[in-house]
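User: I would like to learn how to read a model like this one, feature by feature. Please show it first.

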Amino acid sequence: MKLKQRVVLLAILLVIFIFTKVFLIDNLDTSAANREDQRAFQRMMASLRLELEPRLEHTLQSPWEIAAQWVVPREVYPEETPELGAVMHAMTTKKIIKADVGYKGTQLKALLILEGGQKVVFKPKRYARDYVVEGEPYAGYDRHNAEVAAFHLDRILGFRRAPLVVGRFVNLRTEIKPVATEQLLGTFMTVGNNTCFYGKCYYCRETEPACADGDVMEGSVTLWLPDVWPLQKHRHPWGRTYREGKLARWEYDESYCDAVKKTSPYDSGPRLLDIIDTAIFDYLIGNADRHHYESFQDDEGASMLILLDNAKSFGNPALDERSILAPLYQCCIIRVSTWNRLNYLKNGVLKSALKTAMSHDPISPVLSDPHLDALDQRLLSILATVKQCTDQFGPDAVLVEDRMTLSHL
């Protein structure tokens, strides 16, 4: 064989070797990642049912100190949290030492300080479990039980971006009024035999108070994030105008996602994929009200999109607001890990998992059966949407490998 032919043959063999090696390594990595996704799912399913009990073993720290140490730029709590039940037990039982009007916003809430100095946000019950909120997908009062359900869905999806939430019964006469600020106390009233309050907020009205059953009020408490992690507020790129007859750009511009990809922080880093994860989360719970979102300050797009304020959810189980999924079907990308988790949850697993996860809660049953059934139906719609994307653009373009190291120091 001539020297030139040998050189050409060696070059061809070298190219084949390189491509084979790259292909095999890529497939091995993908397979390993998929196996880890499956193991993570199995770990989540094994730890779904939380026992709310006060014991904290092998530590002298308070539950508040433990929860504060969990927070890192990409997680509010870690995957394995043996102390989670004890922290949530403290949230639902610790003595209330101060009560004030909630932080600014449109909906009624109260800010409580629990024994040990921990802040929590209390959202009162406004609707019965089977009440259906009619009208726009963002209509109605906040739903306290939606906050509880959304937190557990966040656990099940493996996002771990929602602050801890648990149901709690409070006695307004004996637990709240003696420690209430003058501002909050001034909004209390009696309606029939029931103690009520209307608080201070944009839509709070004396004519629309939240009322206890006698003196005892059902609600949810959300754990305040540590002050060492200040929040930064961002306008959601797929936010609504909330004005009749005026559409946001994403509602009429089919190439809107291309424009988003050219703007910071969506032009690099994980933020756009966080937006798409959040769209999936919001579609499942029926939340069409995420006009803004929060991340940690000075993050340059690296920290997570924090899943705060999920109470405009689970209003109407018969309404599937497809526009919530716009970031997914307009961008046609999704994390591989999210895609894997969604597939593990089909065939009724999602409904069963959420029901199990919420069964420990003091206000259980948290959701009515129609809402649980709606979750499984909405999951099918999400899977179908991703399939349409992969059919059009191919799985390599749609399924994005984006796994970030989440270290808890």
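Analyst: Here we go from domains to strands to annotated residues. This is a predicted model, where local features need pLDDT of at least 70, side-chain atom pairs count only at pLDDT 80 or more, and totals for chains, interfaces and linings use all residues. Residues are numbered from 1 along each chain as its sequence is written, and side-chain values use heavy atoms, with hydrogens and water left out.

User: Into which domains is the protein divided?

Analyst: Domain bounds come from an automatic or database domain assignment. Here they give domain 1 (63–223) and domain 2 (231–400). Their centres, taken over C-alpha atoms, are 23 Å apart. Domain 1 puts 48 residues into the contact and domain 2 puts in 49; contact means heavy atoms within 4.5 Å.

User: How much area do domain 1 and domain 2 bury between them?

Analyst: Buried area is the accessible area (1.4 Å probe) that two parts lose on being put together, summed over both. The two domains bury about 3,800 Å², with 66% of it on carbon and sulfur atoms. On the domain 1 side, Tyr 138, Ile 156 and Arg 161 lose the most area, together 19% of what that side buries.

User: Which strand is joined to β4, and by how many bridges?

Analyst: Strands are DSSP runs (E, at least two residues), helices are runs of H or I (at least four), and both are numbered from the N terminus. Two strands pair if DSSP finds at least two bridges between them. Strand β4 (165–171) runs antiparallel to β8 (216–223), with seven bridges. One of the bridge pairs is Phe 169 with Glu 218 in β8.

User: Is Leu 223 buried or exposed?

Analyst: Buried means under 20% relative accessible area, exposed over 50%, partly exposed in between (1.4 Å probe, protein chains only). Leu 223, in strand β8, is counted as buried because its relative accessibility is 10%. Trp 224 sits in the loop between β8 and β9 and is partly exposed at 28%. UniProt lists both under "binding site" in an unreviewed entry. UniProt positions follow the numbering used here, feature names are shortened, and annotations may be inferred rather than shown by experiment.

User: Which residue does UniProt list for "active site"?

Analyst: The unreviewed entry gives Asp 289. Asp 289 lies in the loop between α8 and β10. Its side chain makes a polar contact with that of Tyr 242 at 2.6 Å. A polar contact is a pair of N or O atoms within 3.5 Å; within protein, one must be able to donate a hydrogen and the other to accept it, and residues adjacent in sequence count only if both atoms are side-chain atoms.
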